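Here is a friendly briefing to read alongside the model. Have the sequence and the structure open as you go through the points.

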Amino acid sequence: MSQTQAWTDRKIESIVGNLLRAGVLSSALIVLCGAVIYLARHGFSPADYRVFRGEPTGLKSVRGIVRDAFSLHSRGIIQLGLLCLMATPVARVAFSVWGFAEEHDRMYVSFTVVVLLILLYSLLGSGLGF
Amino acid sequence: MNILEFTLLVWAGSFVAGLLGALTGLGGGVILVPLLTLFFKVDIRYAIGASLVSVIATSSGAAAAYVKEGYSNIRIGMFLEIATTLGALLGAFLAAIVPVNALAIIFGLVLLYSAYLSRKPRPHFERHLPPDALATRLRLNGSFPEGEGLRSYNVQGVPAGFSLMFGAGALSGLLGIGSGAVKVLAMDQAMKIPFKVSTTTSNFMIGVTAAASAGVYLNRGYVDPGLAMPVMLGVLVGSLLGTRILIRVETRWLRLVFSAVIVILGIQMIYQGLGGRI
């Protein structure tokens, strides 16, 4: 590994570190806001997770979650926070594509694009057709 | 039990899991799913969904701290993430087909194996390995700060490591854990990556791997906000606190106790799975 490449790698890693921290903290805050509303509204209803029912459509897909959260449903807001959390590693990988492109490292640009496509498929496409 | 009590208890349990996971370096994910299924009687699929979310949170939170030390290797990480994310997709799809009690038994076996691995002494490495042709082509070799200067290393066994990483990803997607145990096997044993580099790089990769299966879980409706909320917040606070006080506590006894807990939970998961009670 050449010296400049090692230096650029370090720089990318430190930006990535801050990106991850910001992503986790902001999603935790969104989840916390949703939690307060959720507990205030439903805190005294009985809890039951013994039987698996699966989530309603509004809490399953990206579009459904965003719509639910903006109509200020507490569970939708929590789910939006969780979605932000899942998007944090995706943002990290997307940023690495740019970083490797900056180093003119074609091989690693293509590796990173493959990982990014797998992640996007999982988040956006895996609910369709299966 | 009403929702408020349930939320507070799950939060407290997740907090302890995150704290112990960070202090012992074994990860909180492994005891989270048994805790939720055995004690809170949560359906294992909801438990796995919630656990995956918390794995993303702890991995991303800790990675920010590790990055500064300069041990992790983003090329090794990104290359192996191709294997772990593909494996994670496979694991997540399998989770929908595999019967629930079989999931519990597999989980139990993985727990027993993790406990065994944590008691085994760390393997000793030869320091000056010749460069491997494939690893060199892939630009995986690197260096890390040691003492005054930099210590360089040559990565070995790329095909074996890549295949093991696919398996680690599949387990992670199937069981909702970080699969630290299999990752250590792949990076330390097969690829001969120095310990500090492999642990920090693996931590970096865990979040991406978990995100690959978390998307499938979310789309399948296995992520319940009411359950994932206290789990994620509890594990996150616990593990952040754990990394802070890590320097001041004696972890040898803690590791021993934690391994014993993992063994007991593993046996319980297998027993309950065999009895069809999960």
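Chain A of this predicted model has four helices and zero strands. Chain B comes to eleven helices and two strands.

**Chain A**

- Along the sequence, the pattern of chain A reads α-α-α-α.
- The radius of gyration of chain A is 19 Å, whereas a compact globule of 130 residues would have one near 14 Å.
- Taken along the principal axes, the C-alpha atoms of chain A fill a box of roughly 60 × 35 × 25 Å.

**Chain B overall**

- Following chain B along its sequence gives α-α-α-α-α-α-β-β-α-α-α-α-α.
- With a radius of gyration of 18 Å, close to the 19 Å that the globule rule gives for 278 residues, chain B is as compact as a globular protein of that length.
- The box filled by the C-alpha atoms of chain B is roughly 60 × 40 × 30 Å along the principal axes.

**Where the chains meet**

- The contact between the chains involves 54 residues of chain B and 57 residues of chain A.
- On the side of chain B that touches chain A, at least two residues each come from α1 (3-24), α3 (44-67), α4 (74-97), α9 (195-220) and α10 (225-245) of chain B.
- Helix α3(B) supplies the largest share of that side, ten residues.
- Sorted by class, the side of chain B that touches chain A has 32 nonpolar, 14 polar and eight charged residues.

**The hairpin of chain B**

- Strands β1 (residues 142-146) and β2 (residues 149-153) of chain B run antiparallel and are joined by five bridges.
- Pro145(B) has Leu150(B) in β2(B) as its bridge partner.
- Two residues lie between the strands of this hairpin, and Gly147(B) takes a positive phi near 60°.

**Helix α8(B) against α9(B)**

- Helix α8 (residues 180-190) of chain B packs on α9(B) at an angle of about 140°, and their axes are 10 Å apart.
- Because angles over 145 degrees would count as roughly antiparallel, that angle makes α8(B) oblique to α9(B).
- The crossing in which α8(B) passes α9(B) is right-handed.
- From α8(B), the contact is made by Gly180(B), Lys183(B), Val184(B), Met187(B) and Asp188(B), and from α9(B) by Phe195(B), Ser198(B) and Ser202(B).
- By class, this contact of α8(B) with α9(B) has three nonpolar, three polar and two charged residues.

**Helix α7(B) against α9(B)**

- Helix α9(B) also packs with helix α7 (residues 158-175) of chain B: their axes come within 9 Å and cross at roughly 50°.
- The crossing of α7(B) and α9(B) is right-handed.
- Here Gly169(B), Ser172(B) and Gly173(B) of α7(B) meet Thr209(B), Ala210(B) and Ser213(B) of α9(B).
- The contact of α7(B) with α9(B) divides into one nonpolar, five polar and no charged residues.

Conventions
Residues numbered from 1 in each chain as written. Chains lettered and ligands numbered in written order. Predicted model: local features only at pLDDT ≥ 70, side-chain atom pairs only at ≥ 80, totals over all residues. Pairing = 2+ DSSP bridges. Contact = placed C-beta atoms within 7 Å. Nonpolar A, V, L, I, M, F, W, Y, C, P; charged D, E, K, R; others polar. Axes fitted to C-alpha atoms, helices over the stretch in contact; angles between N-to-C directions. Parallel < 35°, antiparallel > 145°, perpendicular 65-115°, else oblique. Left-handed = near helix turned anticlockwise from the far one by under 90°. Rg over C-alpha atoms; globule rule 2.2 N^0.38 Å.
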